[in-house]
Amino acid sequence: MKVTQEKLPASQIGLEIEITPEMSQKAYEQVIQKFTRTANIPGFRKGKVPRQVLVQRFGSMQLKATALEELIDETLKQAIEQEKIDALGNFQLRSSFEELVSQFAPGSALTFSASVDVQPEVTLQQYTDFQLQAEEIKPDAERVEKVLQQYQEQTATLIPVEGRAAQFGDTTVIDYKGVLVSDDPDAEPEPFPGGEAEDFQVELAEGKFIEGFIDGIVGMNPGETKDLPIPFPADYTQETLAGRDAIFTITLKEIKEKELPALDDDFAQEVSEFKTLAELRSSLEARYVEEADEKTKANKEQAILDELLKHIEVELPETLIEREMTYLLNQTAMQLQNQGIDVKRLFNQDTIPMLKERSRPEAIDRIKRTLALGEVAKRESIKVEPNEVKAKVTELMAELGDRDIDPDRLQAVVTEDLLKEKIVDWLLERSTVELVPEGTLAKPEDNAEADDIEANEAEVTETAANSTIDVTPVVDTEASNTTDVVDATETEPVALDAALPSTQAVGASDETSATDNTTDTEKPKKARKAAKAKAESSDSE
């Protein structure tokens with residue numbers, strides 16, 4: 001089999017393959033035999049259909065097309081192996097298949113052209129002696145006090161109050177019943193599932209339930225009953241209620257207000273492992289200084305990675321871009337799923353192509369950064385020692401406890417992360433990074449992007465808040481602080497370079513959830529620690 005190679009744009013290799021007469025004859029005969037064994041033709045037993053009848057029944061063009069299709073697949077695999085081509089993905093047929101079928105004659109030679117994606121060639125013009133700027137993140141001086149206040153809120157005791165009306169910040173106990181009303185004055189009000197509850201404990205805070213529900217309770221006195229006309233939003237998640245007018249009959253039974261614990265050593269012992277409030281403060285201050293330092297370090301790393309993008313020349317094959325777009329989309333889906341969002345509603349045949357195309361610029365940048373780092377690693381012989389990987393894997397396995405983690409996969413991810421860290425540190429040591437105040441380097445487009453993200457988050461939050469009003473009366477529930485490690489084995493991007501596989505092959509999501517159900521009596525220490533976890537989580541967000 002004769003194969004001629006040609007270098008094509010976008011990291012492709014063109015192949016001109018000459019199929020020998022023997023190969024074409026063999027492929028055609030194999031198709032005839034297969035059709036003979038499987039064809040179901042009246043008057044003939046399977047496997048006994050005469051050749052001429054078979055050709056007459058299916059047509060010579062269909063038989064030749066089938067033979068040619070199998071022949072192209074097989075010869076391409078042989079050509080790639082014969083020429084020792086490091087192909088990335090599926091081939092693209094450059095010749096017209098219809099013309100090939102018309103030219104195909106069993107027992108005669110045939111030539112066709114195809115192309116395959118290959119690993120791109122990287123040219124890195126510069127990777128040292130950069131003069132860069134990065135924002136320095138300093139800890140918020142008021143953050144410790146804000147967190148301590150959150151601890152107080154989470155560990156507060158609810159005290160019944162009398163002699164005044166309900167106000168924002170209170171926790172109330174109510175009975176409510178909702179009915180849907182029609183524009184037809186003669187129609188009877190219609191109850192709906194989840195529209196009523198007794199002894200329902202609800203905190204009077206903005207954003208709770210549908211708009212108007214909390215506002216209607218504010219100002220009520222214990223024993224008072226009132227009807228609240230409340231329309232369901234047009235985009236309400238329950239379609240049977242969306243846009244419908246409703247009337248809620250609410251009876252206020254009790255008002256409670258929070259009594260905050262004193263900020264003293266006893267409080268510190270209840271919400272933490274520290275014996276004194278001073279030790280707790282000191283621990284929080286140290287933690288936030290460390291967080292600020294880590295963010296500053298991340299900004300420096302991002303600055304060097306962004307600079308590398310300006311100095312890399314590479315033609316990316318579509319196979320790599322497609323894989324990276326798919327990976328990014330899968331990561332987004334997993335993150336949303338971890339937040340309890342039904343991804344099937346967001347990702348479908350109509351939205352997936354659009355969402356993937358939106359991620360194309362990010363996918364291209366990610367691939368280029370990884371290729372640039374890989375090129376640096378090869379040129380400077382930067383590598384990770386096996387003992388470094390082993391030590392880090394042992395450390396992580398101890399932290400993960402008895403979680404079901406694939407050790408081989410964990411080792412691969414650790415190797416990638418450690419290698420990337422080594423390369424970036426090597427680059428930073430050979431460049432100058434000027435630290436500037438936080439916010440100095442923000443660009444208008446960055447602010448616009450942040451506004452879009454904030455708007456999207458607000459939309460998701462509103463959707464979740466309005467998803468249902470079917471709430472059972474509140475019971476005491478211990479808060480929980482859980483961390484889920486997501487195995488993204490089926491969604492990892494392709495390894496982009498032998499020296500440096502694609503980064504972030506495993507998606508990890510740290511999710512913290514806590515239920516704020518403050519009881520009338522003193523909470524046990526375990527519940528208070530859970531409340532502490534929630535306060536820390538909300539603060540870090």
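Reader: How do you know whether Tyr176 counts as buried or exposed?

Author: This is a predicted model, in which local features need pLDDT of at least 70 and side-chain atom pairs count only at pLDDT 80 or more, while totals for chains, interfaces and linings use all residues. Residues are numbered from 1 along each chain as its sequence is written, and side-chain values use heavy atoms, with hydrogens and water left out. A residue is buried when its relative accessible area is under 20%, exposed when over 50%, and partly exposed in between (1.4 Å probe, protein chains only). Tyr176 has 3% relative accessibility, so Tyr176 counts as buried, and Phe213, at 0%, counts as buried too.

Reader: What makes Tyr176 and Phe213 an edge-to-face pair?

Author: Rings of Phe, Tyr and Trp (its six-membered ring) pair if their centres lie within 6.5 Å, and planes under 30 degrees apart count as stacked, over 60 as edge-to-face and the rest as tilted. By this rule there are twelve aromatic pairs. For Tyr176 and Phe213 the ring centres are 5.5 Å apart and the planes stand at 85°, so this pair is edge-to-face. Because Tyr176 belongs to strand β8 (residues 171–181) and Phe213 to helix α6 (residues 213–217), the pair ties together parts that are 37 residues apart in sequence; helices (H or I, at least four residues) and strands (E, at least two) are DSSP runs, numbered from the N terminus. Tyr176 and Phe213 also belong to one aromatic cluster, whose members include Phe209 and Tyr236.

Reader: Why is Ser272 called buried, and which backbone oxygen does its side chain reach?

Author: With a relative accessible area of 3%, Ser272 is buried, and its place is in the loop between α7 (265–271) and α8 (277–309). The side chain of Ser272 reaches the backbone oxygen of Ala268 at 2.6 Å, and a polar atom of that side chain lies 3.1 Å from the backbone nitrogen of Phe274. A polar contact is a pair of N or O atoms within 3.5 Å; within protein, one must be able to donate a hydrogen and the other to accept it, and residues adjacent in sequence count only if both atoms are side-chain atoms.

Reader: How do you know that the span of helix α13 agrees with its number of residues?

Author: The expected span is 1.5 Å times one less than the number of residues. The 15 residues of α13 (residues 386–400) should therefore span 21 Å, and the end C-alpha atoms are 21 Å apart, which agrees.
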